[in-house]
Amino acid sequence: MNRYLPVARQHFLAALASTSVVVKTISAVVVLLYLLAWAVDTSYALGVTPGYLFPPNFWVWTLVTHGLVEQHVWGVAASVGTVMACGRLLEPLWGALELLIFFAVVNVSAGLLAGLSYLLTYVATFDLDFLFAVRIYGAAGFLGGVLVALKQTMGDTTVLRVPQVRLKAAPALVLLLLALLRLSGLLGSCAPLAAYSYGALSGWVYLRFYQRHSRGRGDMSDHFAFASFFPEVVQPAVGLLAGLVHAALVKIKVCRKMVKRYDVGAPSAITISLPGTDPQDAERRRQLALKALNERLKRVEDQSAWPSMDDEEEDDDEEVRTDSQPLLPGGRDASSSAQRTSGGPSGTYLSSTSPSPASQSGGTASPGGVQHPESSIITFEDASARTDVFVVLPACYKKTVDDKDASSNV
């Protein structure tokens, strides 16, 4: 045991250092009030007492402070662990301000509803112990709200493998565990059970109808319906009852009616969504659709960018037909010349065909002794590459070139 305590302490400090100011402040206040409980009865002064919460006393500050009060070490560990888990899993999605709002809403609602329940119980039994002997404090209410929020964001996460338990079943399982502990006598009061139940209920109502996010307000998806917290056998009956309650709350303007919304503002595609759907899931689907669309467009662009072999053959035929036109006077066929240079004097041509024996002699006279006046082709021969290059010049340059060729071959 002593071997694992330093490791656990190191992980705890690392996790605490990576959290925000809100999580650190709440954890520090919980520890400070626990230390103060050794000298002062903090559960009486800061916890919710039903007889002092309502008139004529109005101890309304206890609605805010009761979630920070702990009397035992395991209570402190549970409270700090719940706040840190909320900071690690929910704060990156919501932000520090939204986490603080959720903490306040859940604790105030759980304390108020639990105190009201004990007040109604006193009205039914006239037992003063339900008013002044009950203390509602601790992180049970906030734990219920956090488990509901985790069911909304990562409900398909597996908590236990044997037996297989998913996170979406955690709120109901913890409620059942608290009920069994109360029936067995390990819990001295029903206050933690009541606080947990009302904390989970208030957290669900806030997340379902009132939480603001990028897609509007609330989460009206089917996997977060009230009936989804119960076993599948009783879900139809619970869903019918919840629908009737929701219709009644809509009538008295407490809840809003679920309305479909069509979002056609996306530039790439038309998106049809419901208000309150999971933004992470919707963003993931949108990214997959955009990726598939980009891959299709890329394939189409690649096919259109490269010409086909038929087009290249047609272009080669057109070049051959264009170059086969006569270029020299006197009916000489200049099909052997391939390209006219753009910067030279009038009419300079380059060719890759083999020269005639007369032209290879450097422009000298033909064997018959007659020098053709139209012959103005000079040969440049590369001995290593065995490639002949012809330069076709006008007749006015013939004499000058022939004089130079008589002395040396160019």
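Helices (H or I, at least four residues) and strands (E, at least two) are DSSP runs, numbered from the N terminus. The expected span of a helix is 1.5 Å times one less than its number of residues. What you have loaded is a predicted model, where local features need pLDDT of at least 70 and side-chain atom pairs count only at pLDDT 80 or more, while totals for chains, interfaces and linings use all residues. Residues are numbered from 1 along each chain as its sequence is written, and side-chain values use heavy atoms, with hydrogens and water left out.

Select residues 73-89. That is helix α6, whose 17 residues reach 24 Å from first C-alpha to last, close to the 24 Å expected at 1.5 Å a residue. Now colour its buried residues (buried means under 20% relative accessible area, exposed over 50%, partly exposed in between, with a 1.4 Å probe and protein chains only). In α6 these are G75, V76, S79, V80, T82, V83, M84, C86 and G87.

Next, take 191-210, helix α12. Its 20 residues span 27 Å from the first C-alpha to the last, close to the 28 Å expected at 1.5 Å a residue. Of those 20 residues, 14 are buried, so α12 is largely enclosed by the rest of the structure.

**Stop two: the cavity**

On a 1 Å grid over the protein atoms alone, a cavity is a set of points where a 1.4 Å probe fits but cannot get out, and lining residues have an atom within 4 Å of a point. Grid points are joined across faces, edges and corners, and a volume is the space filled by probe spheres set on the points.

How many cavities of 30 Å³ or more does the structure hold? There is one, and the largest cavity has about 30 Å³ of space. Select V22, V23, I26, V83, L99, F103 and F142 to see its lining. Helix α2 (21-36) gives the most, with three residues; α2 and α8 (96-125) each supply at least two. By class, the lining has seven nonpolar residues, no polar and no charged (Ala, Val, Leu, Ile, Met, Phe, Trp, Tyr, Cys and Pro count as nonpolar, Asp, Glu, Lys and Arg as charged, and the others, Gly among them, as polar).

**Stop three: rings**

Show the aromatic side chains. The structure holds 17 aromatic pairs, where rings of Phe, Tyr and Trp (its six-membered ring) pair if their centres lie within 6.5 Å. Zoom to Y44, Y52, W59, W61 and F132, which ring pairs link into a cluster.

Then jump to K151: its charged end sits over the ring of F229, 4.8 Å from the ring centre. The test is NZ of Lys or CZ of Arg within 6 Å of the ring centre and within 35 degrees of the ring normal.

Go to the loop between α4 (50-53) and α5 (62-65), where you will find P56. The peptide bond from P55 to P56 is cis, with omega near 10 degrees. F58 belongs to the loop between α4 and α5 as well, and has a positive phi near 60 degrees despite not being glycine. At 47% relative accessibility, F58 is partly exposed.

F126, in the loop between α8 and α9 (129-132), has a positive phi of about 60 degrees without being a glycine. Is F126 buried or exposed? At 64% relative accessibility, F126 counts as exposed.

L167 is buried, at 11% relative accessible area.

Conventions
On a 1 Å grid over the protein atoms alone, a cavity is a set of points where a 1.4 Å probe fits but cannot get out, and a pocket is an open set with protein on both sides within 12 Å along at least five of seven lines; lining residues have an atom within 4 Å of a point. Rings of Phe, Tyr and Trp (its six-membered ring) pair if their centres lie within 6.5 Å; planes under 30 degrees apart count as stacked, over 60 as edge-to-face and the rest as tilted.
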